Amino acid sequence: MSKRIIKIEWHGRQSPPSEVSGNSTAHWQAKRRKKQAWQDETMINILNQNVTLFEMPRATIQYTSYHVGEPENAMDEDNFIIGMKAIQDLMVHQGVFPDDSHRYVKGIQPVKYVRVSKMKDRKVIMEIIEV
């Protein structure tokens, strides 16, 4: 039996918005507005990419960042994952999992960083993989 995967892509960016990352010093209201905008952008991407969301009793998550520049200039893994937490919350809201605790999200794999040479090739991919 093959594993089911939900794959969401964000073209034109190489990381989550800095305002929702772990390093953000923005005021909580600004963070909340940016989190909502990030979730709204994701829902638009889901609709535009014809992504089907479905319930997964258990899953792992894999993020891939296609970034421009030197590897040390990419958002570090901890801040990247914190920035993607808003999207995990969105997946709970959309019914993909009951909540994003370790009971349902069995793990977040290390972020894969892929260096690209052109700005137009930047993107972030989130894969939710059923286990």
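Predicted model: local features only at pLDDT ≥ 70, side-chain atom pairs only at ≥ 80, totals over all residues.
Leaving out residues up to four places away in sequence, Ser-15 touches Met-75, Phe-80 and Val-124.

The protein chain as a whole contains two helices and five strands. Read along the sequence, these elements follow the pattern β-α-β-α-β-β-β. The radius of gyration of the protein chain is 14 Å, which agrees with the value near 14 Å that a compact globule of 131 residues would have. The C-alpha trace spans about 40 × 35 × 30 Å along its principal axes. Of the contacts in the protein chain with a separation of 6 or more, 87% are between residues 24 or more positions apart.

Buried residues account for 40% of the 131 residues in the protein chain. The accessible surface comes to about 7600 Å², and carbon and sulfur atoms hold 49% of this area. Among the side chains, 19 are positive and 16 are negative. The centres of the two charge sets lie 2 Å apart.

The interior was examined next. In soluble globular proteins, nonpolar side chains tend to be buried together. In the present model, the largest nonpolar core has 26 residues. The residues with the most contacts inside this core are Trp-10, Met-84, Met-91, Phe-97, Met-126 and Ile-128. Two or more residues are given to the core by each of strand E1 (5-11), helix H1 (28-48), strand E2 (59-68), helix H2 and strand E5 (123-130). Helix H2 gives the most, with six residues.

Met-84 is found in this helix, H2, which covers residues 77-93. Met-84 has a relative accessible area of 0% and so is buried. When neighbours within four places in sequence are left aside, Met-84 is in contact with Trp-10, Pro-16, Trp-38, Tyr-63, Val-124 and Met-126. Two of these partners, Trp-10 and Met-126, are also listed with Met-84 among the residues that have the most contacts inside the core. Met-84 and Arg-33 are 51 residues apart in sequence, and their C-alpha atoms are 15 Å apart in space.

Val-116 counts as buried because its relative accessibility is 14%, and the limit is under 20%. Apart from neighbours within four places in sequence, Val-116 is in contact with Tyr-66, His-67, Val-68, Gly-69, Asp-121 and Arg-122. The C-alpha atoms of Val-116 and Ser-65 are separated by 9.7 Å, while the two residues are 51 residues apart along the chain.

An exposed position was also considered. Asn-50 is placed in the loop between H1 and E2. The relative accessibility of Asn-50 is 66%, so this residue counts as exposed, for which a value over 50% is required. Most residues other than glycine have a negative phi. The phi of Asn-50, in contrast, is near 55 degrees, a positive value in a residue other than glycine.

Methods: Residues numbered from 1 in each chain as written. Heavy atoms only, no water. Helix = DSSP H or I, 4+ residues; strand = E, 2+ residues; numbered from the N terminus. Buried < 20%, exposed > 50% of the residue type's maximum accessible area, 1.4 Å probe, protein only. Contact = heavy atoms within 4.5 Å. Core = buried A, V, L, I, M, F, W, Y, C linked by side-chain atoms within 4.5 Å. Rg over C-alpha atoms; globule rule 2.2 N^0.38 Å. Areas by Shrake-Rupley, 256 points an atom, 1.4 Å probe, with all protein chains shown as cover. Lys, Arg positive; Asp, Glu negative; His and termini not counted. Charge placed at Lys NZ, Arg CZ, Asp CG, Glu CD.
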